[in-house]
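Subject: The structure, and what I found in it

Hi,

Here is the structure I promised to hand over. Have a look at it first, and then read on for my notes.

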Amino acid sequence: MLKGNVLCLGLLSLMLTWTSCGNNTKQSAETSQQKVCADTQSQANDVDAVLAQADLNVGKEITVEGVCTHICKHGGRKIFLMGSDDTKTIRVEGGKMGKFDAACVNNMVRVKGVLCEQRIDEAYLQQWESQVANQTAEQHGDSEAGCDTEKKARNEKGNSVAERIADFRTRIAQREAETGKAYLSFYYVEAQEYEIVK
């Protein structure tokens with residue numbers, strides 16, 4: 001009888017140990033998975049990744065990192081971050097944060113902020129034409145042609161406001177024919193904080 005009780009207690013102890021180890025393994029796996037998710041969320045995305053999924057992340061807080069290729073000369077409130085090449089660029093607005101340090105240029109910059117969408121449609125273009133006619137249009141860049149960096153980021157063609165607007169109309173018409181969407185989407189980040197990555 002004593003041997004039977006000892007054997008039962010031994011088996012019970014073994015089962016409890018095995019069960020608790022299984023639970024610890026499961027808990028460890030869950031904890032590791034949560035840590036990986038947290039690490040992924042805290043890491044910066046490169047510009048290419050942000051642009052590839054921009055339509056899914058509009059209005060969300062993101063962290064993006066890229067080489068700063070340009071800072072706006074008119075107040076330093078905009079920078080442009082480049083991805084894998086100069087066709088993949090995203091604009092970053094200083095917003096409430098204010099202006100960027102000129103030292104950002106030609107350095108890797110990490111920005112935390114909200115991803116926003118700017119839509120250019122016929123109403124936008126008509127308003128732009130009206131502002132030009134009334135001489136109230138905001139000036140970007142050193143000439144009527146506009147900021148070269150911003151134009152490149154938006155794949156703009158044209159050396160005058162009229163040519164730029166005509167190019168947008170052509171592109172809007174093409175997009176509407178292909179997708180039914182009568183506007184162009186351009187994405188930018190409204191910065192909350194930034195750092196120059198060493």
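In which helix is E150 found? E150 belongs to helix α5, which covers residues 148-153. Before you read further, please keep in mind that this is a predicted model.

Is E150 buried or exposed? With a relative accessible area of 10%, E150 is buried, because the cut-off for buried is under 20%. The side chain of E150 makes a polar contact, at 3.0 Å, with the side chain of R91. Leaving aside residues up to four places away in sequence, E150 touches K78, F80, R91 and E156.

The nonpolar cores

The largest nonpolar core has 19 residues, and the members that touch the most others are V64, I79, L81, V92, V111, L115 and V189. At least two residues of this core come from each of α2 (47-52), β2 (61-71), β3 (78-82), β4 (89-93), β5 (108-120) and β6 (184-197). Which element gives the most to this core? That is β2, with four residues.

Not counting residues up to four places away in sequence, V189 touches I62, V64, I90, R91, V92, E93, V111, G113, V114 and L115.

How the strands pair

β2 and β5 are antiparallel partners, paired over seven bridges. To find your way around, look for E65, which stands opposite R110 in β5. β5 also pairs with β6, again in the antiparallel sense, over 13 bridges. Here Q118 stands opposite F186 in β6.

The aromatic residues

How many aromatic pairs does a search of the whole structure find? The search finds four. One of the pairs is Y124 with W128: their ring centres are 6.3 Å apart and their planes lie at 65 degrees, so this pair is edge-to-face. Both residues sit in helix α4 (residues 122-133), and because they are four residues apart there, about one helical turn separates them. Y124 is partly exposed, at 28% relative accessibility, whereas W128 is buried, with a relative accessible area of 12%.

F168 and F186 also form an edge-to-face pair, with ring centres 6.1 Å apart and planes at 65 degrees. This pair links distant parts of the chain, as F168 is in helix α6 (residues 161-179) and F186 is in strand β6, 18 residues apart. F168 is buried, at 0% relative accessibility, and F186 is buried too, with a relative accessible area of 11%. Y124, W128, F168 and F186 come together in one aromatic cluster.

Two arginines over rings

F186 has a charged neighbour as well: the charged end of R154 sits over the F186 ring, 5.5 Å from the ring centre. Which residue lies over the face of Y183? That is R175, at 5.0 Å from the ring centre.

Happy browsing, and do write back with any questions!

Best wishes

Technical notes. Residues numbered from 1 in each chain as written. Predicted model: local features only at pLDDT ≥ 70, side-chain atom pairs only at ≥ 80, totals over all residues. Heavy atoms only, no water. Core = buried A, V, L, I, M, F, W, Y, C linked by side-chain atoms within 4.5 Å. Buried < 20%, exposed > 50% of the residue type's maximum accessible area, 1.4 Å probe, protein only. Contact = heavy atoms within 4.5 Å. Pairing = 2+ DSSP bridges. Polar contact = N/O pair within 3.5 Å; in protein donor to acceptor, adjacent residues only side chain to side chain. Phe/Tyr/Trp six-rings, centres within 6.5 Å; stacked < 30°, edge-to-face > 60°. Lys NZ or Arg CZ within 6 Å of the ring centre and 35° of its normal.
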